[in-house]
Amino acid sequence: MAIMNEGEEVIVPAPYWVSYPHQVRLAGGKPVILEAREEDGFRLRPEALKAAITPRTKAVIINSPSNPTGAAYSGEELEALCAVAVEAGLVIVADEIYEKLVYDNFKFVSVASLDVPGIKEHTILINGVSKSHAMTGWRLGYAAGPKDVIAAMNKVQSHSTSNASSISQMAAIEALRGPQDEVARMVVEFEKRRNFLVGAMMRLPGVKLVKPQGAFYVFPNCSAYYGKAAGGGRGATGGAGGGAGGAGSGSGGACGGGAGAGTTITHSATLAEYLMDAAHVAVVPGGAFGNDRCIRLSYATSMEKLEAAVERITEALAKLR
């Protein structure tokens, strides 16, 4: 709302966080969905960005590491991409909420730190404490950018939410300035869960997966199961209770015999429904993120629940013929 004029375009790389296109529309803009290809690791190529820019383009959104794919850009990749945006005079909205959650010694690089002339004047950083410090319930994020843009944002916010509560602000200051040992321990645990879930999903027949470098999601391509139907027989059984992260078990009880029987998988939403009915596992359809070939699983839950979820998914997919 602070940067958009009616009808201006914002380039939104897909897969994207579900809110991005709607936020653009709410601000009077037009989202231009630009596919980041699976074969490119779900990272947008500079030439693709350049080709999508028109005289109406105002901004581009870069989410690294990404929700839903976990893809992250290296410093060199970001420099090449952002140089195109700066040259075109675009605003770069850099969503870096998952910056602390990276794996395999990957080095996170902030867009505003790039060696691209004018980068700070063109960048608005979006961040918060929800993911890095497990403070989702505190509902606190923050932005950093050019003073005139931040001042305009303050005007908009003062007439909508007034301000974040002082309690949340003080808690976030303590989280950011205090010891970071717990964050480091959390990253180590997330990496173990990611490795388990990536390995398990890649062993499933027909499933393709780009290994995520950050965040806490996997985004497997399950389109090989589209067009198949579930037969009758015993439903998936057992497992732990419900998982908050979206990959855990749904109810903890045994599925009834034949759950999901007769279902034909046509796209990511019907696959998600089938896994809920037949396996009691909650996943998110990839269509919500702009890629209907995939589903999103979260590993922000216990290893016990992930193991149960994988067992149930494996058994449910084996029933599709």
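**Local backbone features, helix packing and cysteines**

Serine 162 is exposed, with a relative accessible area of 51%; exposed denotes over 50%, buried under 20% and partly exposed the range in between, computed with a 1.4 Å probe on protein chains only. The model is predicted, so that local features require a pLDDT of at least 70 and side-chain atom pairs a pLDDT of 80 or more, while totals for chains, interfaces and linings use all residues. Residues are numbered from 1 along each chain as its sequence is written, and side-chain values use heavy atoms, with hydrogens and water left out.

The pLDDT, the predictor's confidence in each residue on a scale from 0 to 100, has a mean of 91 over the chain. A value of 70 or more is reached by 91% of the residues. Over residues 232–258 the pLDDT is below 50. In the model this stretch has 81 contacts beyond near neighbours in sequence, a contact being heavy atoms within 4.5 Å.

Serine 162 has a phi near 70°, a positive value in a residue other than glycine. The residue is placed in the loop between helix 5 (147–158) and helix 6 (166–177); helices (H or I, at least four residues) and strands (E, at least two) are DSSP runs numbered from the N terminus. Phenylalanine 42 also has a positive phi, near 60°, and is found in the loop between strand 2 (30–35) and helix 2 (46–52). Phenylalanine 42 is buried, at 6% relative accessible area.

Two cis peptide bonds are described here. One joins alanine 14 to proline 15, with omega about 5°; proline 15 sits in the loop between strand 1 (9–14) and helix 1 (19–26). Another joins serine 64 to proline 65, with omega about -10°, and proline 65 belongs to the loop between strand 3 and helix 3.

Alanine 71 is located in the loop between strand 3 (57–63) and helix 3 (75–87). With 6% relative accessibility, alanine 71 counts as buried. Neighbours within four places in sequence aside, the residues in contact with alanine 71 include Phe42, Ser64, Pro65 and Gln213. The C-alpha atoms of alanine 71 and phenylalanine 219 are 9.8 Å apart, at a sequence separation of 148 residues.

Helix 7 (residues 181–202) and helix 9 (residues 303–318) have axes that come within 11 Å and cross at roughly 5°. Axes are lines fitted to C-alpha atoms, for helices over the stretch in contact, and angles between N-to-C directions run from 0 to 180 degrees. The two helices are therefore roughly parallel to each other, the term for angles under 35 degrees, with roughly antiparallel over 145, roughly perpendicular from 65 to 115 and oblique for the rest. Lys192, Arg193, Phe196, Leu197 and Ala200 of helix 7 meet Met303, Leu306, Glu307 and Val310 of helix 9. These residues comprise six nonpolar, no polar and three charged, where Ala, Val, Leu, Ile, Met, Phe, Trp, Tyr, Cys and Pro count as nonpolar, Asp, Glu, Lys and Arg as charged, and the others, Gly among them, as polar.

Aspartate 277, in helix 8 (residues 268–279), is partly exposed at 43% relative accessible area. Its C-alpha atom is 9.6 Å from that of alanine 316, 39 residues away along the chain.

With a disulfide defined as a pair of cysteine sulfur atoms within 2.5 Å, the count is zero. Cysteine 222 is in no disulfide, and the nearest cysteine sulfur, that of cysteine 294, lies 7.3 Å away. This separation is too far for a bond. Cysteine 222 is buried at 2% relative accessible area, and cysteine 294 is buried at 0%.
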